[in-house]
Each structure stands twice: as structure tokens, then as C-alpha cells.
Amino acid sequence: MTFVTLEYTLKFRNITNKDAEKVTLENKATIEQLLKYLKDKYGEEFEKEFTNPSGDKVSGTPLILLNGRALNFSGDLNIYIKNGDTITFTYAIVGG
Amino acid sequence: MYGYAGYMLKVNLGTGKISKEPLNEDLIKGYIGGFGVSTRILYDSLAPMVDAYSPENIVVFATGPAQGTLIPGSGRGVFVTKSPLTKRIFNSNIGGYLSSELKYAGYDFLVITGKSQNPVYIAIDDGNVEIKDASKIWGKTTYETQTIIKEELGDKKFQVACIGPGGENLVKYSAIIHNFHAAGRGGIASVLGSKNLKAFAIRGDKSVEVPNTGEMINFYKEIAEKCAKHPSLPAYGTTVALGTINKMGCLGTRNWQTEVFEGAANIDGYTTIPKYKIRDIACAGCPMGCGKVQEIKEGKYEGALAKGPEYETLYALGSMVGVDDFDALVSAARLCDEYGLDTISTGVSIAWAMECFEKGILTKEETDSIDLKFGNRDALNEIIKRIAYKKGFMGDLLAKGVKEASEIIGCGSQYFAMHFKGLELAGHSPRGVKGWTLGYSVGWRGGSHHDGRVHDIDYPKTFEERALKFEDKPEIVYKTVHRVLIEESLITCRLFGGYYGPLEPNENNLKILKLTTGFNLTLEELWKIARRIRALIRCLEVRDGFNRKDDINAPPLRILNEPIPEGPSKGAYTKPSEFKFMVNKLYELMGWEKDTGKPKSQVLKELGLSEPKIRKN
């Protein structure tokens with residue numbers, strides 16, 4: 001089994017109603033499988049943030065950080081999640 | 001002329017002459033307004049090499065066609081002058097109600113020249129303009145000054161911009177304050193201080209005409225609906241950027257010795273807004289309302305209150321100085337606002353001094369017995385007061401900015417003096433977001449996060465694309481810098497980049513120009529205006545003796561030699577060979593000579609500009 005920490009900020013926190021949680025995944029689970037798991041758990045609203053982001057596309061681009069490094073939606077969804085990984089669901093935010 | 005008040009107000013503080021001149025239509029068509037037109041004004045009016053504190057230096061407060069209209073994000077104005085920190089042309093943008101009020105008073109530009117013999121302020125009451133005595137308010141803080149001037153003029157509707165003790169005492173990074181807003185960067189307040197100008201106050205009753213009010217209202221509604229759905233800015237402003245940037249390992253910490261701050265969660269808006277926010281504020285006509293006023297309600301810093309603090313302030317007065325005590329941070333931000341100091345430059349200068357202290361380069365003898373260690377919250381607050389009044393050795397030293405201070409102290413401290421071209425580094429990592437090494441270095445302002453907004457494009461990218469790849473960065477900087485120049489000339493807020501287009505000059509910029517002025521330009525024509533403004537800025541730099549060498553030598557040595565030591569962006573830095581490749585490529589795109597950095601003659605000719613006289617610095 002693979003034990004991971006999931007962190008949620010902003011709208012993701014509103015959807016999940018939590019800041020973080022620890023979940024157990026099957027061995028060799030991928031990011032894509034994790035997203036499906038979260039969609040099943042929290043509903044379509046979670047998935048919609050990726051397929052139809054709220055707000056604009058830049059100031060609030062949804063972001064998945066795997067141990068602090070952003071994933072590329074088109075190429076990184078089949079990455080295997082490792083035991084102890086932290087996956088953060090957040091947004092790329094500009095500031096000044 | 002739709003979108004413009006139609007006049008330029010000129011005030012000569014030396015002679016007391018006040019004049020009103022109609023706007024030159026060719027100037028508008030060639031440069032739009034705001035920073036674009038101001039650049040032309042400086043180019044035509046300033047003698048080469050003029051000192052920032054010379055009475056010959058001029059300060060322009062500029063609006064663009066968007067100000068005073070319903071364009072979302074138009075509550076901005078821009079100050080333009082020559083900076084005492086960078087010795088170059090400098091633009092510093094401010095929010096609030098100042099710019100729209102200038103348009104309502106009947107002016108697009110306020111041009112301040114000369115130097116008054118005594119402290120004064122300028123009162124602009126619709127058509128009536130006066131230079132008034134400010135001897136009783138000289139020495140007052142910025143908040144006191146705003147209140148006193150409104151009382152003296154007998155109308156709370158006056159919008160006041162003023163300097164505090166920092167500007168009066170010629171602190172080289174002093175800030176102009178209006179309400180809770182600041183034109184922080186570049187030390188423009190000290191230029192006003194050198195002219196003995198304490199403030200200006202504006203009130204107006206006119207309106208700004210646009211070609212089609214219905215279309216303008218529809219545009220406002222369209223953008224306002226998008227703003228309401230924004231995942232972070234309406235609720236948290238920029239305060240939550242800190243947590244995300246820290247998670248990516250790109251947050252300047254303890255003078256950029258590392259880029260992971262263990263105390264980030266304590267000062268991030270995600271933690272503080274629910275506890276400390278007392279109200280939201282917005283600039284004129286803004287549907288986003290990103291300003292969050294937070295107040296400390298108990299403890300040692302009870303009563304401290306500040307807008308935000310915005311992301312850049314959380315970086316500079318938080319992670320950079322190792323302070324994760326939010327109460328102390330808000331107090332420090334408030335002190336900067338009251339004394340009129342730029343929070344970024346203040347924090348970065350103190351962080352440099354802290355590293356010097358911890359390395360034994362500065363001792364308690366130089367710090368006037370202050371224990372200037374990273375994380376010392378009381379030292380942070382105390383040293384800010386000393387900077388504003390140039391009190392003691394440290395106060396006087398740090399008031400000069402980190403470049404000059406490190407040159408005075410030496411002992412290798414220039415290696416970690418975190419500035420580009422004299423301007424203290426903003427909170428976006430030139431190592432973790434590699435394009436920023438280029439953007440800061442070739443930008444005319446140096447360490448400003450606005451001249452080549454690489455992070456707008458690169459933050460959502462993977463580590464490899466953001467921090468390792470360098471070949472694509474020149475094109476990103478080339479495009480974003482021209483987009484920013486259009487935004488600075490229209491003038492629209494950078495936080496609307498997501499709606500108006502994050503990369504290059506685009507159809508949305510054209511739409512805003514058409515909605516406000518009726519001008520029906522092509523994208524090619526818009527690009528040409530942006531390129532003209534950029535080339536003219538470069539001509540100003542060349543005329544003052546700056547060249548390629550200044551771009552190549554701009555990055556702090558730490559950035560080119562020390563990889564990020566830990567965290568998610570561990571190992572990232574900009575190799576000197578990569579940096580030179582990026583500079584050369586950007587020069588090619590800009591059409592600048594590789595050896596001198598001067599815009600090529602055929603480029604100047606195409607843009608309708610003349611050759612600058614090259615001076616040797």
C-alpha cells in the first residue's frame with residue numbers, strides 16, 4: 001500500500017472541506033488514478049477545476065504539486081505515486 | 001478626445017509657475033498615455049546624466065485612457081522620474097483613487113519641475129491649482145499628513161498623495177503613500193523630498209467621456225463576473241501567494257541563502273486572513289477588491305494595521321529577515337507606510353545587514369548595539385525607525401540602499417547584496433524561475449517584478465521548464481515586457497493580466513484602447529507602440545552612459561554561483577553561460593546592438609525615433 005498526504009488550498013479546500021488528509025492508495029497508483037479517486041470522493045466539482053477552471057486561466061491556474069514540483073497535465077498524469085509523497089492541490093497565483 | 005481629460009498640468013516649484021497645456025495628439029497616438037507618454041516627456045525634457053535629486057529632474061504623475069472609466073483594474077496611476085537608486089528612468093505604479101481624481105479634475109498628467117525653497121504641497125481643486133505652505137506638516141507621518149491636508153482644505157473628498165519622514169530625509173527607497181496604497185519602488189518619494197514637495201491633493205467634478213457607454217458597461221459586467229469566480233484574489237488578495245511559492249521552493253529566505261521558509265504558514269494569508277482581516281478595500285471601480293486590511297488586536301503590537309501585507313511585503317519583512325511573527329510583521333509594514341518607505345527595499349536591505357551581522361562583517365559597534373540576527377522581530381521594527389530618520393550608523397547606511405551600503409562595507413558583502421541595477425530584489429526567484437535572471441537584468445528598473453513578468457507564465461510549469469530550461473526565456477521576456485508597457489500606458493492593473501492576456505500585447509489591450517478612446521488600431525500597430533516605448537527607454541539609458549556591461553553585471557553573484565540548497569527547487573540556479581545566451585538572444589529580439597546594447601539604427605528609424613548620443617559612464 002502507498003501512504004500519501006494530500007493538501008488542499010483555496011477552492012480545493014472549499015470543495016473537500018479540509019486542509020489536508022492522509023490517504024492510502026494501491027501500490028503503483030498514478031496521478032490520474034488519484035484524480036479519479038478524488039472525483040468519486042468529492043464529486044464532479046473537483047474535476048471541473050481542471051477541465052473548466054473557475055475564474056481566469058492564469059492568475060488562478062489550478063496546480064498539482066508533487067512534493068512541491070508542478071505536474072504537467074498532458075504528460076505527467078501517469079507518474080507513479082510513491083510512499084510518503086505529498087500532493088498539493090492549489091493555484092498558481094500572481095502577486096505584487 | 002475620448003478617454004482623455006485633454007490637458008497636462010505643469011507646476012514649477014522653483015518659480016511657482018503653474019500652467020495648463022493641451023495634450024499633444026501625436027504624443028497620444030505614438031505612446032498612448034501613462035508611462036509611454038511620460039517616457040517621451042522625460043526624454044525630451046531631461047538633460048543627459050542629470051542627478052535624481054537635481055532641481056532639473058522632473059516627476060510626472062500620469063494617467064492613461066483607462067483612468068476614470070469603468071475599465072476593471074483601472075484604479076492605477078504611475079509616477080515617473082529618474083531614480084536615485086538605479087540612476088535610470090523609473091516608473092512606480094500606485095492604486096487607489098488618485099489617478100481617477102486627476103482625470104476628474106481635468107488633467108491627464110501632472111508634471112512637477114524645479115525645487116521649492118520651503119516645504120510646500122500642491123492643491124488641485126478642479127480647475128483651481130495652488131502651491132501651499134507645508135512647513136507645519138513637514139516631519140509628519142504619511143497618515144497624519146493625509147488627515148491634516150484634508151482638514152486644511154475642508155473637504156474629505158480630496159485624494160492625497162504624500163511623503164513621510166523617509167522621503168524628507170532622502171532615504172533612497174522612500175515611498176509615496178496615498179490612503180493605504182504606495183508607489184513604493186525606486187525612491188520617488190525622496191525625489192519629491194529633494195524638491196521640498198510634501199504632498200499633492202486632488203479633487204475634481206468632471207467626467208471622462210468614452211465613445212460608447214453601453215459597450216463599456218457590458219465589458220465591465222463581463223470582467224466582474226469572472227472576478228467573482230476567481231479562486232483567490234477576492235477572498236485573500238495576494239497574501240496567499242506566499243504559501244504556494246514557498247511550497248515550490250522559490251521563496252527568498254534569510255537574504256536568499258535558501259528558498260524555503262519554515263515559518264511561511266504563520267504569515268501566509270491562508271492562516272492570517274480569517275483571524276486578522278477587518279475589512280476589504282478596492283481601488284477605483286475595481287470589481288476584484290483584492291485589498292485586505294489586517295489589524296493586530298492584542299499583544300505587544302496591538303493596534304498595528306496594514307493593507308495586506310501584500311505578498312511582496314510578506315516576503316521582504318517576513319521570510320527575507322526570518323520573521324514569522326505576524327504581529328511584528330504587520331507592525332513593520334505599518335511603520336514603513338507611516339514613514340513612507342518601500343517595504344521590499346527596506347526588508348532586503350535589512351536582510352543583507354543581518355547576513356553581514358551573522359557573518360561577523362558588521363558588529364554591535366556598527367549596529368548601535370542592536371542584535372541584528374535573522375528572526376529578531378524587535379530589531380526589525382527598531383531598525384526601520386532608524387532608517388527613516390537616518391539615525392545612527394546603521395540607519396544612515398541602510399538608507400542608501402543595499403548596493404551602496406555593500407560597496408561601503410565591502411568585505412565580500414557585495415556577493416550577497418541582493419539587488420539588480422541598484423534596486424533591491426523583489427520576491428520572485430531568479431534561480432527557481434530562471435527567466436527572471438534575464439528579466440531583472442535587462443529590465444530598466446532592475447530588481448522590479450514588473451518589467452518582464454516571467455512568473456505569470458512560468459509558475460504553473462514543471463520544475464524542468466521553470467528552473468532548468470533557459471532557451472525559451474528570452475522570447476517570454478520579450479513578449480511580457482511589451483505587454484506590461486502597454487498595460488502601464490493604458491493603465492491597467494497587473495492582477496488583471498489573467499483576463500487581459502498574460503503574455504504579449506493582445507486583442508484585449510486593443511479592446512480597452514477602443515472602448516476608452518475609440519482608436520481602432522491593429523495588433524501590429526499596438527506592438528509598434530510597445531516597441532517604440534521600450535526602445536525610447538533604452539535610448540534614455542544609453543544617453544546616460546549605460547550599456548551591455550550593466551546588463552551582464554546586473555545579477556547578484558549569489559544568483560550566478562550558488563544553487564538553491566534545499567527544497568523542491570534544490571539545485572536550480574542560472575549558470576553564467578546560460579545567462580549570456582539569454583541576454584544575446586533577447587538583444588536580437590529587441591533589435592539592439594550586441595556590443596553596446598543600443599537599439600539598432602534601422603529599428604529606431606522604423607519606430608520614428610532619433611539616435612541617442614552615447615555617453616561613457
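Helices here are DSSP runs of H or I with at least four residues, strands are runs of E with at least two, and both are numbered from the N terminus. This is a predicted model, where local features need pLDDT of at least 70 and side-chain atom pairs count only at pLDDT 80 or more, while totals for chains, interfaces and linings use all residues. Residues are numbered from 1 along each chain as its sequence is written, with chains lettered from A and ligands numbered from 1 in the order in which they are written.

**View 1. Chain A, with three helices and five strands.**
Read from the N terminus, the elements of chain A go β-α-β-α-α-β-β-β. Of the 96 residues in chain A, 31% are buried (20 or more other C-beta atoms within 10 Å of a residue's own; exposed is 12 or fewer, partly exposed is in between, and C-beta atoms are placed from the backbone). Now take the contacts in chain A (C-beta atoms, placed from the backbone, within 7 Å) between residues at least 6 apart in sequence: 60% of them join residues at least 24 apart.

**View 2. Where chain B touches chain A.**
Chain B puts 34 residues into this contact and chain A puts in 27. On the chain B side, α9 (241-247), α12 (311-316), α19 (454-458) and α22 (497-500) supply at least two residues each. The top contributor there is α9(B), with four residues. By class, the chain B side splits into 14 nonpolar, twelve polar and eight charged residues (nonpolar is Ala, Val, Leu, Ile, Met, Phe, Trp, Tyr, Cys and Pro; charged is Asp, Glu, Lys and Arg; the others, Gly among them, are polar).

**View 3. Helices α18 and α21 of chain B crossing.**
The axes of α18(B) (residues 435-442) and α21(B) (residues 473-490) come within 9 Å and cross at roughly 45° (axes are lines fitted to C-alpha atoms, for helices over the stretch in contact, with angles from 0 to 180 degrees between N-to-C directions). That angle makes α18(B) oblique to α21(B) (under 35 degrees is roughly parallel, over 145 roughly antiparallel, 65 to 115 roughly perpendicular, and the rest oblique). On the α18(B) side, look for B:G435, B:L438 and B:G439; they meet B:K473, B:P474, B:I476 and B:V477 of α21(B). In class terms, this helix contact has four nonpolar, two polar and one charged residues.

**View 4. Strand β7 of chain B and its two partners.**
β7(B) (residues 120-125) is mostly covered, with five of its six residues buried. β7(B) runs parallel to β12(B) (residues 197-203), joined by six bridges (strands pair if DSSP finds at least two bridges between them). B:D125 stands opposite B:N128 in β8(B). The hairpin of β7(B) and β8(B) has two residues between the strands, and B:D126 takes a positive phi near 55° there.

**View 5. An open sheet of six strands in chain B.**
The order is β2-β1-β6-β3-β4-β5, and the pairing is mixed. β2 (18-22) and β5 (89-94) of chain B sit at the edges with a single partner strand each, so one side of each has no neighbour in the sheet. On average, neighbouring strands are turned by 20° against each other, direction ignored. β1(B) (residues 7-12) runs antiparallel to β2(B), joined by five bridges. B:V11 has B:I18 as its bridge partner in β2(B).

Terms used:
Two residues are in contact if their C-beta atoms, placed from the backbone, lie within 7 Å.
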